[in-house]
Amino acid sequence: PVRGLVLNTMLRSVWGGVGNPKLEKLFVLQKRCIRMLFGDYHKFTEKFMTCARTRPFGEQLLGDEFFQKEHTKPLFKKESILSVQNLYVYHSVIEVFKILKLRTPISLWSSFSVSKRKPTLLLTPEPTKFFGYKAARLWNVLKKEILGVDGDFAVNISYAKSNLRRFLMINQQKHDAECWVYQNYTYL
């Protein structure tokens, strides 16, 4: 629990505001870890335990299939793990939901501009790469997924979390069954 809290805090504060090229490097590391933890164990461990002398004649040269890595998208789906990009979206939007619902901490709540017509709409500040702008935009796009049909802050925090997580998991699994596409983790 403590390790997860530290990692989630680091993810939001350090990696959340970076651009996609830098976040892509972190995603590559996440996929490597997922392969090691949940991938095909025998395929991973026995791959390099053979030498050319032990393989039958004609099979000494290794083809492309030998060097192809296992696809991670099915592993993410099977283990219900969000990609690093979707983790940032999840934690940012839930953080905004808690700030708007509970109005604490007051310093963060006062930094958001809430519309006078619609109490769930945030007026976005000038475009920046900082949390306030990105989180406000994400909130405005994904608030229907969290609040449900009622569209107000009467929903429970755990209900909002499960709704958002379900939506992100469904979106992450769309498009191609094996390969990642930009739409799996882009909402703006």
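Helices here are DSSP runs of H or I with at least four residues, and they are numbered from the N terminus. I keep that in mind for every α label below. The model I am reading is a predicted one.

**Entry 1**

I looked up His-175 and found it in the segment after α9. Its phi is positive, about 70°, although the residue is not a glycine. Is His-175 buried or exposed? His-175 counts as exposed because its relative accessibility is 53%, and the cut-off for exposed is over 50%.

Ser-80 also has a positive phi, about 55°, and is not a glycine either. I found Ser-80 in the loop between α5 and α6. With a relative accessible area of 39%, Ser-80 is partly exposed.

**Entry 2: a cis peptide bond**

Next I checked the bond between Thr-104 and Pro-105. It is a cis peptide bond, with omega at about -10°. Pro-105 sits in the loop between α6 and α7 (106-109).

**Entry 3: the largest nonpolar core**

Which residues touch the most other members of the largest nonpolar core? I noted Val-93, Phe-97, Trp-139, Ile-146 and Leu-164, out of 27 residues in that core. Two or more residues each come from α6 (84-102), α8 (131-147) and α9 (157-173). Helix α6 gives the largest share, nine residues.

I then followed Val-93. Leaving out residues up to four places away in sequence, Val-93 touches Leu-138, Trp-139, Leu-142, Ile-146 and Leu-164. There is also a second, separate core of nine residues, including Phe-27, Ile-34, Phe-76 and Tyr-185. As background, I wrote down that nonpolar side chains in soluble globular proteins tend to be buried together.

**Entry 4: α8 against α9**

I looked at how these two helices pack. The angle between α8 and α9 is about 115°, and their axes are 8 Å apart. The crossing is right-handed. On the α8 side, the contact is made by Leu-142, Glu-145 and Ile-146. On the α9 side, I listed Tyr-159, Ala-160, Asn-163, Leu-164 and Phe-167. Sorted by type, the residues of this contact are six nonpolar, one polar and one charged.

**Entry 5: Gln-172**

Gln-172 belongs to helix α9. Why does Gln-172 count as buried? Its relative accessibility is 1%, and buried means under 20%. Setting aside neighbours within four places in sequence, I found Gln-172 in contact with Lys-73, Phe-76, Ile-81, Leu-82, Ser-83, Asn-86, Trp-180 and Asn-184.

**Entry 6: aromatic pairs around Phe-27**

How many aromatic pairs does the whole structure hold? My search of the structure gave nine. One of them joins Phe-27 and Phe-76: the ring centres are 6.3 Å apart and the planes stand at 55°, so the pair is tilted. Phe-27 is in helix α2 (residues 20-38) and Phe-76 in helix α5 (residues 73-79), so this pair ties together parts 49 residues apart in sequence. I checked burial too: Phe-27 is buried at a relative accessible area of 0%, and Phe-76 counts as buried at 0% relative accessibility.

Phe-27 also pairs with Tyr-185. Their ring centres are 5.8 Å apart and their planes at 65°, so the pair is edge-to-face. This pair links distant parts of the chain, since Phe-27 is in helix α2 and Tyr-185 is in the segment after α9, 158 residues apart. Tyr-185 is buried, as is Phe-27.

Last, I noted that Phe-27, Phe-76, Trp-180, Tyr-182 and Tyr-185 make up one aromatic cluster.

Methods: Residues are numbered from 1 along each chain as its sequence is written. This is a predicted model: local features need pLDDT of at least 70, side-chain atom pairs count only at pLDDT 80 or more; totals for chains, interfaces and linings use all residues. Side-chain values use heavy atoms; hydrogens and water are left out. A nonpolar core is a set of buried Ala, Val, Leu, Ile, Met, Phe, Trp, Tyr and Cys residues joined through side-chain atoms within 4.5 Å. Buried means under 20% relative accessible area, exposed over 50%, partly exposed in between (1.4 Å probe, protein chains only). Contact means heavy atoms within 4.5 Å. Axes are lines fitted to C-alpha atoms, for helices over the stretch in contact, and angles run from 0 to 180 degrees between N-to-C directions. A crossing is left-handed if the near helix is turned anticlockwise from the far one by less than a right angle, and right-handed if clockwise. Ala, Val, Leu, Ile, Met, Phe, Trp, Tyr, Cys and Pro count as nonpolar, Asp, Glu, Lys and Arg as charged, and the others, Gly among them, as polar. Rings of Phe, Tyr and Trp (its six-membered ring) pair if their centres lie within 6.5 Å; planes under 30 degrees apart count as stacked, over 60 as edge-to-face and the rest as tilted.
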